[in-house]
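Hi,

Here is the structure I promised to pass on. Have a look at it first, and then read on for what turned up.

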Amino acid sequence: MNVVITPAMVGQVVISGILAGALYSLVALGLALIFGVMRVINIAHGPLLMLGAYTTFFLYDLFGLNPYLSIPVTMAALFVVGVVLQRTLVFRVVDAPELSSLLLTFGISIGLVNLAQLAFTSDLRAVEYLTGSFPLGPFAVSKPRLVAFVFAAGVTGLAFLFLQRSRVGKAIRATSQSREVAMVCGIDVGRIHMLTFGLATALAAAGGALIAVIVAIQPEMGQIWTFKSFLVIVLGGAGNYPGALLGGMLLGLIEQMASLFLTTQLSEVVAYVLLVVVLLVRPTGLLGGRQI
Amino acid sequence: MPAPVLEVEGLHKHFGGVAAVDGVSLSLTAGRIYGLIGPNGSGKTTLFNCITGVERRDAGRVFLNGERIDGLRPWRIALRGIGRTFQIIRVFPELTALENLLVVTRGHLEEARSRAVELLRFVRLDRLQDEYAGNLSYGQQKLVEFARMLMRDPTLVLLDEPAAGVNRTLLNDLLEAVTQLRDRGKTVLLVEHDMKVVMGLCETVFVLDHGEKIAEGPPGAIQANERVIEAYFGR
Amino acid sequence: MFGTGYGVRAMLQIFMWIALAGSWNLISGLTGYVSFGHVAFFGAGAYTGAILVAKAGWPWLAAALAGGVGACAVALVIGYPCLRLKGPYFAIAMLGLNEVLRALVSYFEGLTGGGSGLSLPTLHATVPIYYAMAATAAGVTLLTYAIITSRFGLRLMTIREDELAAEAMGIDTARHKLYAFLISAVGPGIAGALAARDQGYIEPISVFPLAMTITMIVMVLFGGKGTVWGPVLGAVVLFVAQELVWARFPYVHQLLFGAIIVGVVLLMPRGVLGILQLRYRLPRTI
C-alpha cells in the first residue's frame, strides 16, 4: 500500500477522532458506571442505546420533535427502562458468579433486539435532520457529528457534575469504591444499584439519540456499541470514570488513524487487536483501575 | 544448621500507595512449625499470596530448598512443593470430596485414588467421599481443603487461619494432623488469630505489623515483646 | 424417515446442532469461560472447506476434516492470547471475534469471494454428508463423555469452580483452557465445512451469524451445561420446537431464546439434566 499522508489529513483525522471519541466516552461512561458499582458487564448496553435511537426517531417522525431537544425525553424514558430491568432481572445476579450476569444480560440483549425487530421491523430508519458538512480552514467538519460532539460533551459534563456534587452521585461513587463501606455509611445500596442502572441506560440513550442523526437506525445497530464501550473502559481502566473519557477519545483517534491506512472493515479488526493487546499488556487499563 | 526450606528476602508488595508487605525476610528450617501473627491488615495473607505466586511481588526474592521460585506461576510453585489452604475456604463445590483430591494429581489413577481415600480417612471424611464438597459443613470443607493440599505431598505447608470457625473437636483433629505432618519432616507455616493455638503449636513465631516484620522468636518471648504488645493494643 | 428429503435435511440439522452445542459445552460448560463467538469456528471451517473444494478440488470429506483443522488453527491464534484474560474479558473478546472474522473474510476477496460469496461445484451427496454429520455429532458427544470422566475433565471444572485455587493446587490452568478451547473448535469446524458443502454456496453473512452462537448457548443452558447429554437434549428439543412452532414467527423465536436464557440463568442455572443430576444424585456422566 502506498499512502501519502499530508498534514491536512492528519488534522482531519484528529478532528474526526475527537468528534467520534466524545460519543464513545458518553456511551462507555454508562457501561463503566454499571461495572464499577455492580461488577456486572452489561451486554445489553448497546441494544439499550438502540432503543434510545428509536425513541428519538419516533419522536421526530410522529411528532416532529427536534432530535436534539428530544434528548431529555429519550433519556428519561430509557432511565425508566433501565430501572425496571434492574429491579426485575439484573439485581438477581449482582452477587452471582460472572457467568450468570454475562449470560443474563446477553439474554436481555437478544430479547431487546428481537423485540425491536418485531415492533419496528428491520427496515433502516433515519432522522434526516442535519446533513452535510462545513469547511473549517482546510478541513471538512460533518455538521451532525459536530453537534453530536457538543451535546455528548455537555451530557457527559452534566453526568460528571452529578457524580461529583449531588448526594446520589456521591453515594454512587462511594458504592463503587466499596459496597461494605457504603452500607455502613447508611447508603441504601439496592436503591443506588437501581439508580445507577437507570442513569447508565439514560447515558446510552443520549448516545443513541445523537447517533440517530448520524447513521441509519436498525435493531442490530447496538451490539457493536457494547463491544466498543467495553474497549473504551478497558483502555481507560475499568472502574475509573475519568478513564472512560480518555479511553473514548483514544478509541476515536485510533479508529480514524487506522482508516487512513485501511478500509473501514479492517479498522474494526484494528479495534479488536487493540483490545486484546491492551488487555494482555496492561490488564488494569492505560490509566489504571481495577482488574475485572 | 541445616539449609532452610524456605527463605524470603526483602519481599515488598504495594497496593496503590499502600505497602501491604514491606521488606519482609524469613527463613524456615525443615521439620518445624512456624506461626505468623499480626493485627488485621498487617499483610499476613498477602505474604502467603506472594510466596505462592497468587500475587506478584513488587520486589524481593523467595527460595524453596535453595531454588528461586519468585516470579513463577502459582501452579509451578505448587509443583515445587508448597501446599496451602485459604483464609476463606476454596474447595471446588460442584466436585465431590474425592474428586477435589483427585484433580490435583497426575500419573496413575488407581494410585491417586487410593492415596485420596487414605487422606480422606486421615481427616475422617472417608464416609462422605462421594458428597459434593459444596454440600459439606464449613468444618468438613476445611478438612477437604486440608487433605487436598496434602495430595501432592508438599514439603512446605502454608495454612491460613486453620482454626477459624472450627469447633473444638475438629480443631483438635486439625492440630493433631499438623503435628503429624511436622513429625514426618514437613515444614508448616500458619497464620492464626487464636493465640492458644499459636502458643501451643509453634516453635517460632513471626509478627507482622503494617507489612513489616517487627518480631521473631519463641512464643514466650513474643508474648513479652513490647513492640508486639504495642502493635496489638496500641500505645 | 429417509423417504423424504425433509427428513434427511432435518436430521442433518439436528446432528449439526448437537455437534455445535456439544462443542460449546466443552469450553464454556466445563471451564466456565463463556464463548460468545463460537460460530466463528463454524465459519472458519466452512471457509476452509469451501476454499479447498472450490479452488483446490479436494474431495468433500477431506475438506471437512481440513475444516476442523482450520478452525483449530484459528482457535490457537485467538485462544493463546485471549485465554490469558480473566473470564469476562474473554467473553467480550469472543463477542468481537465474530465481527473480525467476517471483516477479514470480506476483505480477502481473491480467496473468499468477499461479500458476494463462494459457490461450490454441484454435488449430490446429501446422504453421505448426513452420515458424516452424524459421525461428527457422535464424535463430539463421545469426546465429551471421555473428557468428563477423566481427571483432565475434572481439572477443567476446577477452572470454572475456582480458577485461583486450581492454580494454587498445581493445575496449569492456562494450558488446560487452551486444550479445551482447541478441542471445542474442531467440531464446529467440521460441521461448518460439511454444511458449506451441503449448501453449495457460502457468504460471510450466512456462516458467521450471531444467531447461531445464541442457539448453541440456549441449547446447552437448557439441556444442562457441563453434562454429557445436556447439549444433545437441548439440541433435539429446541430444534424440534423451532421447526414445529417457532419457524412461523421468526423474531418471536429469537425473542423466546432470549427469554429462555434469562429464565434458565435465574430459575434453573444447571439446566434440565443438571437439576435431575442433583435431585436424583445421578452420576456425572449423564
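Which of the two pairs of chains in contact shares the most contacts? That would be chains A and C. Before you read much into any of this, keep in mind that the whole thing is a predicted model.

On confidence, chain A has a mean pLDDT of 87, with 95% of its residues at 70 or more. If you go through the elements of chain A, helix H3 (residues 71-88) has the highest mean pLDDT, at 96. Helix H11 (residues 264-281) of chain A has the lowest, at 77.

Now for how the chains meet. Chain A and chain B have no contact joining them, and their closest C-alpha atoms are 10 Å apart. Chain B does touch chain C: 20 residues of chain B are in contact with 15 residues of chain C. On the chain B side, the elements that give two or more residues are helix H2 (74-80) and helix H3 (97-102) of chain B. H2(B) gives the most, with four residues. By type, the chain B residues on that side come out as 13 nonpolar, six charged and one polar.

Chain B also has a sheet to look at. It's an open one made of four strands, in the order S2-S1-S4-S5 (chain B), with antiparallel pairing. Strand S2 (18-29) and strand S5 (67-68) of chain B sit at the edges, each pairing on one side only. Further in, strand S1 (residues 4-15) of chain B and strand S4 (residues 59-64) of chain B run antiparallel and are joined by five bridges.

Last one: helix H5 (residues 138-150) of chain B. Is H5(B) mostly covered or mostly uncovered? Mostly covered, with 10 of its 13 residues buried. Among the buried ones are B:Leu143, B:Val144, B:Phe146 and B:Met149, but also charged residues including B:Lys142, B:Glu145 and B:Arg148. What do the buried residues of H5(B) pack against? Their neighbours in chain B are strand S6 (82-84), H3, helix H4 (109-122), strand S7 (156-160) and helix H6 (168-183). The length of H5(B) checks out too: at 1.5 Å a residue, its 13 residues should span 18 Å, and because the end C-alpha atoms are 19 Å apart, the two agree.

Cheers

How values were computed: Residues are numbered from 1 along each chain as its sequence is written. Chains are lettered from A and ligands numbered from 1 in the order in which they are written. This is a predicted model: local features need pLDDT of at least 70, side-chain atom pairs count only at pLDDT 80 or more; totals for chains, interfaces and linings use all residues. Two residues are in contact if their C-beta atoms, placed from the backbone, lie within 7 Å. pLDDT is the predictor's confidence in each residue, from 0 to 100. The expected span of a helix is 1.5 Å times one less than its number of residues. A residue is buried if 20 or more other C-beta atoms lie within 10 Å of its own, exposed if 12 or fewer, and partly exposed in between; C-beta atoms are placed from the backbone. Two strands pair if DSSP finds at least two bridges between them.
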